[in-house]
Structure formats: C-alpha cells, structure tokens
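Here are my notes on the model you sent over.

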Amino acid sequence: MQFGRAQSFGVVQETESMMSLGSRPGFRLTFLNADAGMVEDMWTDFVKKNFGGKLKKDRKTKELTATGLKSPMVGIDAFTLYTTVEKNGSNVVLTAFYDKGSSFLNRRDDPRSAQEVGNAMRQFYLDVRRAVIGKEMKAQEEKAKEMETRLKKLQRDNDNLHKDIENYKNKIQKAEEDIVKNQKDQEATVGA
C-alpha cells in the first residue's frame, strides 16, 4: 500500500509505504513479467553481497528482514533492512526500507545515502531485468526448437506420403500390366 507522493531515481522510486512498523519511507522497484521467487532469491543474494547480511522471512508479515547490517552507502551506523516482495498481476513489486535506528533512509534527511542506495538498487533492477529477459529468451528458444522439431516431422511425413503415392502408382501400373498379360494368357488358353 502506498501513501504520499513517490519520488523517482529512474526505475527506483522513493515512496512512503505500509510495512510491519507502519507507514515508512522506502525504495520501490517494479519488475515487469517477473517471477516473485526469482526476485526474492536475487534480492537475498544482493543483500548478502552488498550488506553482508542474511535475510530472514517473517511468516506473519511476509517481510524479509536483516539486522546489524553495515554499508557505507547507507551510513556509518548499523541498520536494519525490511523488504516486501509482492506479486501484482504479472509484475513483482519490491519495496526496501532502510531503518537507520533514529530514522528510515530517505532523500530529504540523507540525500547522499539515498542517492547511493538508489544507484545500487538500479543496478539490482538491471540484473533482475537481464535474468527475466534471459528466461524469456530461453523459453522462446525452446518454443522455436519445438516448432522446428514439429516442422521436421511434418516434412518427413510429407516425404513419406509422396513415396507412398509413387509406390502405389508403380503398383497400379504393374497391376494394369498384369491384367493385360492375364487377359492375353486367358485368350491364349481358351484359343488353344
């Protein structure tokens, strides 16, 4: 759920959204035609690589949380990261909330850190888009391969049908010749 006006860092939108602690500033990404599980897995890897933390999923709130994180892009103090990943039609919306203890990271209070987080999340967005496009390309390649296999089978069937027609034509011609020979043999037998 979104409240207030969203500010944008390109594909990353700074927004005021609801989370387990109420309405807080966060950073939102929307992934078109993405799989929520893939986004969640990639975000888990991103958090581990960039913040050295491990996300835990709260079964009740469905939030992913990591505490005691450190990163110069967020500031000098440890912070807690809350993340929601929600399916919205064919899209997936990821919202990250950076709890610095005394406040949540936002552009108004800490423009430098907000910009750095925005840049890192933009890179994450691009990584996910590449993965989504790669998955779509693989699916299309498999479809093309399947179509190619079906086409080869149809061509093989067509060749076999043409061969059958030729064989039947030859058999008909031979049968017609055999009929003529048989009639001559009958006439020869009757005349003898």
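What share of the 192 residues of the chain count as buried?

1. The answer is 32%. Keep in mind throughout that this is a predicted model. As for the surface, the chain exposes about 12800 Å², and carbon and sulfur atoms supply 53% of that area.

2. On the fold: I get 2 helices and 7 strands. Read from the N terminus, the order is β-β-β-α-β-β-β-β-α. The radius of gyration comes out at 35 Å, well over the 16 Å that the globule rule gives for 192 residues, so the chain is more spread out than a compact globule. The box around the C-alpha atoms says something along those lines too: along the principal axes it is roughly 125 × 30 × 30 Å.

3. Now look at helix H2, which covers residues 111-191. Its 81 residues reach 118 Å from the first C-alpha to the last, close to the 120 Å expected at 1.5 Å a residue. Buried residues in H2 are Ser-113, Ala-114, Val-117, Gly-118, Ala-120, Met-121, Phe-124, Tyr-125, Val-128, Arg-129 and Val-132. When you go through that list, remember that an α-helix has 3.6 residues a turn, so residues three or four places apart point the same way.

4. What does Val-132 contact, leaving aside neighbours within four places in sequence? The partners are Leu-32, Asn-33, Ala-34 and Met-38. Take Asn-33: Val-132 is 99 residues away from Asn-33 in sequence, yet their C-alpha atoms are 7.6 Å apart.

5. That pair leads on to the contacts of the whole chain. Counting contacts between residues at least 6 apart in sequence, 49% join residues at least 24 apart.

6. Is Thr-80 buried or exposed? Buried, because its relative accessible area of 14% is under 20%. Not counting residues up to four places away in sequence, Thr-80 touches Thr-65, Ala-66, Thr-67 and Gly-68, and also Phe-97, Tyr-98 and Asp-99.

Definitions and conventions
Residues are numbered from 1 along each chain as its sequence is written. This is a predicted model: local features need pLDDT of at least 70, side-chain atom pairs count only at pLDDT 80 or more; totals for chains, interfaces and linings use all residues. Side-chain values use heavy atoms; hydrogens and water are left out. Helices (H or I, at least four residues) and strands (E, at least two) are DSSP runs, numbered from the N terminus. The radius of gyration is taken over C-alpha atoms; the globule rule is 2.2 Å times the number of residues to the power 0.38. Buried means under 20% relative accessible area, exposed over 50%, partly exposed in between (1.4 Å probe, protein chains only). Contact means heavy atoms within 4.5 Å. Accessible areas come from the Shrake-Rupley method with a 1.4 Å probe; for residues, only the protein chains shown count as cover. The expected span of a helix is 1.5 Å times one less than its number of residues.
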